[in-house]
Amino acid sequence: MLYYIFRRIFMMVPTLLVISFLTFLIIELPAGDYISNQIAALKSSGESSSVAKLEFLRQEFSLDRPFFERYLIWVGLWQGPHGFDGLIQGNWGWSFEYDKPVEQVIGPTLPLTVVLNFATILFVYVVSFPIGIYSATRQYSWGDYGITFIGYIGLATPNFLLALILLYFFNRWFGLSVGGLMDPQYIDQPWSFDKAMSVLAHLIVPTIVIGTSGTAAMIRRLRANLLDELHRQYVTTGRAKGLKESQLLVKYPLRMAINPFIADIGNLIPSMVSGSVIVSVVMSLPTVGPVLVSALQSQDQFLSGFILLFVAVLTLIGMLISDLLLAVLDPRIRLGGRAST
Amino acid sequence: MSIEMKDKTPQRVVEHYVDPTPFNPATTEEMTAEQERFYQASQWQIMWWKFKRHKIAVWSGVILILFYLCVPFAELIAPYDANTRDSLHLYAPPQPIHLFHEGSFVGPFVYGMTSEIDMETLQWVFKDDPTQVQKLRFFCSGDDYEFWGLFDASFHLVCPAEGGTMFLLGTDRLGRDQFSGLVYGARLSLTVGLIGVFISIVLGLFFGGIAGYFGGLADSVIQRSIEIIRSLPELPLWMALSAALPVTWSPVWIYFGLTIILGLLDWPGLARAVRSKLLSLREEEYAKAAVLMGAKPKRVITRHLLPGFTSHIIASATLSIPSMILGETALSFLNLGLRRPSISWGVLLNEAQNISVVTVYPWLMAPVLPIIIVVLAFNFLGDGLRDAADPYK
């Protein structure tokens, strides 16, 4: 098992390298960079006093070097103006727009981003599991039809529109400010029990909004998987031998059906992280989402690059956890390497 | 016991009967006309029959066709030009269509609106004016437009009464008609998915074809890159890529840039399906025969293997259109995609970004409805197509 964990983590290294390169490529795509755009703006308005300072900044952040060198300096595999000082060394870069290190700009938003994403994944697990089992064991009952129907709608409704609709109705019916992280009166207040409860209450709606489509997909999958297993002969045999229904279900078919269920959640993680970014923008949650949008718009390259990388790493870790869970559940995987499903 | 019984049964002499007519083995397997039709039908015909049985999918298809009619005929259907501003009707509420005025039938009409300023909130307040009956005109001339960029025209299917207004879904902050916006917006919103899917199919076929047919190193390289791309969250990447589109580009180029971006990240799913299908079809006898007869890989793939899974590709492509429509909507909503004067449903929704505005003027959320309907319809249609793609099951 330990061997498997190590191998699985080691496999992430090349993936991370490729992802960091792609990220850098994407944020470098727009013509020019933040500082040279500013220089151009200053020059066109006739000011040249601060151009020298900006030129100095360009050198400081090695924006004047060739592309590959810049990339390696950013990652920390090449000597920049200050020696090896990149992501690997723990320097996340500089945000030009805020004139602060990236660390300080998004530092406060990171914990909430992580908490929100993991809460969503947990929500999907906890909700879809019992509902999927219910739906499969009571196939073609009213409950099953209802769940299937709601699942369809949930799957099709884009989460940011759902957020918008919910915001509107909450505002209209309860006069509640659903957006934001806490009720306005707690902002800038020291942490207290009430404030914590307010934060929790405000986290529920985004969690549901982001998790809905994932939950709907998972219910469908678990139902289909379980239905396949329930018609197998070993189930009939077990029933004939007098096993109790509940015992029969938990001991045999459920164990078979749970495997693809967990593997699928791993596949869903990227779309959930995607969802959390845009839902945060709509509901103005202080996660990395809104910062990313403004950074992209102002071409604040190191900031947006770091956020993109962070979001990608978050999904990778999520997938790692789901893979490890699979390995715990299924000895074939930790011994043989890959799932056959 | 049994011997006794046998003894007691009376001996009956049965004459050995032989049918004089010659025996035709085919008669034992004679089919009803129905069956015969089924076995003689082509694969596509059987798919069509199977698809027709999926009622929801058929209805979804009909609804989608109706929506897609807006693409070529937006100018005719919309009562206004989507960028026409009516400065007297800013944030005007929707005007419902009535048929009866004071108990008597008048035909479709709307009540005129009176407007006054609320001095407390400093907002225009619009009220129905029951004395003004504005009958809608049909097949009439209204706002000018250039039809398909070919000739000028001013013909509309329906227009407001002379001097009257007809804001079926209200107006936005500049007095632009929301309903006309939706009709015009369908043009970009609905085609974004089609072009994007086309790009994604081309890429998916190409990479999936190479991986599945040649196997070996090419397969593992492509598989690894597919895994990496699939492990990335789509939306942030879309956002980053579309932020990279130069601001100086004309709306048309921005639109094509967007569709390419949407297609660029979508192909891995399709490539995977193509690869696994190819891997299994490659082992079929007819494919082997073609290879042995000296057909080149290109011919084997396109002539012998591709027809085997075209239907699957169509089905899975249909299922990935909605995610592209939503991608465009999300990007335009965030100001990272299309911008005015281009109009898409996402651009219209952009007005609804500020939730306090939406609470006062809820009709700004109108684009949500067609988006959800179209996405649902595509999902049902895709499900129906996927079931029909394997008609022999």
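Colleague: Which residue in the turn between E4(B) and E5(B) has a positive phi?
Modeller: B:Trp148, at about 50°. E4(B) and E5(B) form a hairpin with 3 residues between them. This is a predicted model: local features need pLDDT of at least 70, side-chain atom pairs count only at pLDDT 80 or more, and totals for chains, interfaces and linings use all residues. Residues are numbered from 1 along each chain as its sequence is written, and chains are lettered from A and ligands numbered from 1 in the order in which they are written.

Colleague: In what sense do the two strands pair, and over how many bridges?
Modeller: Antiparallel, over 7 bridges. Strand E4 of chain B is residues 137-147 and strand E5 of chain B is residues 151-159. Strands pair here if DSSP finds at least two bridges between them. Helices (H or I, at least four residues) and strands (E, at least two) are DSSP runs, numbered from the N terminus.

Colleague: Which residue is the bridge partner of B:Ser141?
Modeller: B:Phe155, in E5(B).

Colleague: Zooming out, how many helices and strands in chain B?
Modeller: 15 helices and 5 strands. The radius of gyration of chain B, taken over C-alpha atoms, is 31 Å, well over the 21 Å from the globule rule for 393 residues, so chain B is more spread out than a compact globule. That rule is 2.2 Å times the number of residues to the power 0.38. The C-alpha atoms fill a box of roughly 115 × 65 × 50 Å along the principal axes.

Colleague: What share of chain B is buried?
Modeller: 37% of its 393 residues. Buried means 20 or more other C-beta atoms within 10 Å of the residue's own, exposed means 12 or fewer, and partly exposed is in between; C-beta atoms are placed from the backbone.

Colleague: And where is confidence lowest in chain B?
Modeller: In helix H1 of chain B, residues 2-8, with a mean pLDDT of 50. pLDDT is the predictor's confidence in each residue, from 0 to 100. Helix H4 of chain B, residues 55-68, is highest at 91. The mean for chain B is 82, and 95% of its residues reach 70 or more.

Colleague: What about chain A, how many helices and strands?
Modeller: 15 helices and 2 strands. Its C-alpha trace spans about 90 × 55 × 35 Å along the principal axes. Of its 341 residues, 37% count as buried.

Colleague: How many buried residues in helix H10 of chain A?
Modeller: 0 among its 8 residues, 233-240, and the helix is hardly covered. Just after H10(A), A:Gly242 takes a positive phi of about 90°.

Colleague: Last one. Which residues of chain B does UniProt's "domain: ABC transmembrane type-1" cover?
Modeller: Residues 186-382, from an unreviewed entry. UniProt positions are in the numbering used here, feature names are shortened, and annotations may be inferred rather than shown by experiment. In the model that span is 79% helix and 0% strand, with end C-alpha atoms 20 Å apart.
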